Each structure stands twice: as structure tokens, then as C-alpha cells.
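Have a look at the structure first, and then we can go through it together.

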Amino acid sequence: MILFLLPAGDYDPTEAAVPWAALRDAGFEVRFATPGGRVALADPRLTDLGFSWLSPWLMTRRAELAAYRRLTEDPWFRAPSSYADVDPAALTGLFVPGGHAPGMRTLLEDATAQRLFARAFTQGLPVGAVCHGVLLAARAKDPATGRSVLHGRRTTALTSLLELTGWNLTRLWLGRYYRTYRTTVQQEVTAALADPSHFLAGPPLPLRDTAARPGRGFTVKDGNYVSARWPGDCHRLAAEYLALVRARATGPVHRPG
């Protein structure tokens with residue numbers, strides 16, 4: 001099974017739903033795990049509450065929101081495991097969406113989630129991460145070396161430019177909403193790498209990709225691992241992660257029921 005690791009809440013709906021839909025529509029079994037085994041919903045500001053006049057730029061777009069609504073009706077989504085109850089030997093792939101609201105810390109700081117990621121990564125399973133999800137990779141330690149599993153790999157993640165732009169646009173009324181940690185994602189991820197040049201930021205003015213135009217997105221693939229920066233990369237990310245899963249699988253595993 002392919003496992004999506006979700007926090008207790010506050011993840012980005014696009015970053016979870018678009019890759020999930022690509023896998024599900026291709027016939028692969030996708031299950032979910034959360035800190036306590038309870039259903040985890042996305043950041044409500046991205047799905048419902050909005051950002052006042054900035055909503056057209058910052059909220060989840062219509063097609064991706066429809067994919068998220070579909071995700072929330074999936075039986076596996078509605079019956080997640082806890083991180084502690086996941087059988088690592090049953091995994092055939094692992095994916096970590098991101099998000100910047102405070103609930104993301106329940107995933108990123110969880111030692112069990114970090115160990116699950118490290119095991120999947122070091123065993124060569126197809127692994128994907130986007131945005132703040134790459135922080136889990138940076139914090140996951142290879143037991144053979146004691147270093148981050150990303151040490152010696154190339155990656156991208158939410159760039160400091162994107163993170164600080166969102167924060168500066170909203171901080172007067174949302175405070176630290178766009179700053180999950182005082183250190184930016186790019187800074188922490190880069191510190192875990194063997195060489196700072198292994199962090200690839202992509203074009204400085206990113207374009208949002210779509211299902212019809214995934215080439216607008218930016219991803220970094222390194223072996224069994226593919227990463228992306230933000231929701232605007234997720235259609236390309238979904239296609240590339242699906243390709244990794246297909247390359248490893250002997251055939252699609254269909255969802256029961």
C-alpha cells in the first residue's frame with residue numbers, strides 16, 4: 001500500500017488531494033495515517049475561510065478543491081491508522097503533503113513519522129514530499145549514518161522567497177500563520193544536505209501548474225525520491241510520483257470494496 005502521512009490537521013488540500021487522485025485513478029491502493037488515528041482535515045483557511053481580498057491568489061483553486069472534497073469521501077481517508085499502528089513492512093510507497101499552519105507540527109515533529117519516512121526512503125520505496133513535507137525528510141535520520149536521509153541527495157521544498165512572500169502579505173492580521181518555524185523551510189532543509197547546491201529552488205517567479213499544463217510546475221527527482229515546492233507544482237509532482245510507483249509495482253493494486 002501507498003501511505004500518505006497527514007498531521008492532525010492544517011495540511012494543504014491541493015498537496016494531498018492532487019497526488020492522491022492521480023494514484024487512486026490509476027488503481028493504486030492509498031491509505032492514510034495521522035498522529036492519533038483520527039480523521040485529519042485540511043487547513044480551513046485554504047478551503048473555506050479565505051484571505052479577504054487575497055483569496056483569489058492564496059486559497060485553494062476550484063478544481064483542486066473539488067479533488068479534496070472527493071478525497072474526504074474516500075473510505076480509507078475516513079478510517080486512518082495512527083502512525084504507531086502502521087506496519088512498515090506493508091508499505092510500497094510513502095507520500096508527505098505540506099502545509100504551513102500550526103497543525104503541521106503534529107507531523108513534522110513526530111518521531112514515529114520520522115522513522116517511517118526514513119525506513120521507506122532508505123529501503124528504496126517511492127517517496128514523495130512537497131512544501132513543508134520536505135521538513136519531515138530533512139528530520140528523518142538514516143540509522144546507518146545518523147544523518148538526514150537527504151544527506152547526499154538533491155531536493156527542493158518551499159523556498160524562502162515563497163514562504164516570506166506569503167508571510168509579508170498576511171502578517172498584519174494573521175501574525176505568524178505563514179511562518180511555521182522561525183527558520184524558513186529552505187534554510188532547515190539546506191542545512192541537512194551534503195552541499196547547499198543540492199537544494200534547487202527552481203524559477204524565481206513560479207507559475208501554477210494545472211492538470212492540462214503540468215509542465216509549469218517544478219520538481220526535483222533523485223532516485224526513488226521526488227520533491228516539489230508548493231501547491232502550484234502538484235500536478236507535475238503527482239505525475240512524477242505516479243511514474244515512480246508504476247516503475248516499482250508489478251501491477252496496480254485495486255482498492256477493496
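Predicted model: local features only at pLDDT ≥ 70, side-chain atom pairs only at ≥ 80, totals over all residues.

- Helix α1 spans residues 13-25 and helix α10 spans residues 234-248; their axes come within 9 Å and cross at roughly 40 degrees.
- The two helices are therefore oblique to each other, and α1 passes α10 in a right-handed crossing.
- On the α1 side, the contact is made by Thr 14, Glu 15, Val 18, Pro 19, Ala 22 and Leu 23.
- On the α10 side, Cys 234, His 235, Ala 238, Tyr 241, Leu 242 and Val 245 take part.
- Sorted by class, this contact has nine nonpolar, two polar and one charged residues.

**A closer look at Ala 238**
- Ala 238 is found in helix α10, and it counts as buried because its relative accessibility is 6%, with the cut-off set at under 20%.
- Beyond its neighbours within four places in sequence, Ala 238 is in contact with Val 18, Pro 19 and Ala 22.
- Ala 238 and Pro 19 are 219 residues apart in sequence, yet their C-alpha atoms are 4.3 Å apart in space.

**Helix α6**
- Helix α6 (residues 111-122) has twelve residues, which at 1.5 Å a residue should span 16 Å; the end C-alpha atoms are 16 Å apart, so the two values agree.
- Its buried residues are Ala 113, Gln 114, Leu 116, Phe 117, Ala 118, Ala 120 and Phe 121.
- What covers these buried residues includes strands β1 (2-5), β4 (93-96), β5 (127-130) and β7 (225-228), along with helices α5 (105-108) and α7 (133-139).

Methods. Residues numbered from 1 in each chain as written. Heavy atoms only, no water. Axes fitted to C-alpha atoms, helices over the stretch in contact; angles between N-to-C directions. Helix = DSSP H or I, 4+ residues; strand = E, 2+ residues; numbered from the N terminus. Parallel < 35°, antiparallel > 145°, perpendicular 65-115°, else oblique. Left-handed = near helix turned anticlockwise from the far one by under 90°. Contact = heavy atoms within 4.5 Å. Nonpolar A, V, L, I, M, F, W, Y, C, P; charged D, E, K, R; others polar. Expected span 1.5 Å × (residues − 1). Buried < 20%, exposed > 50% of the residue type's maximum accessible area, 1.4 Å probe, protein only.
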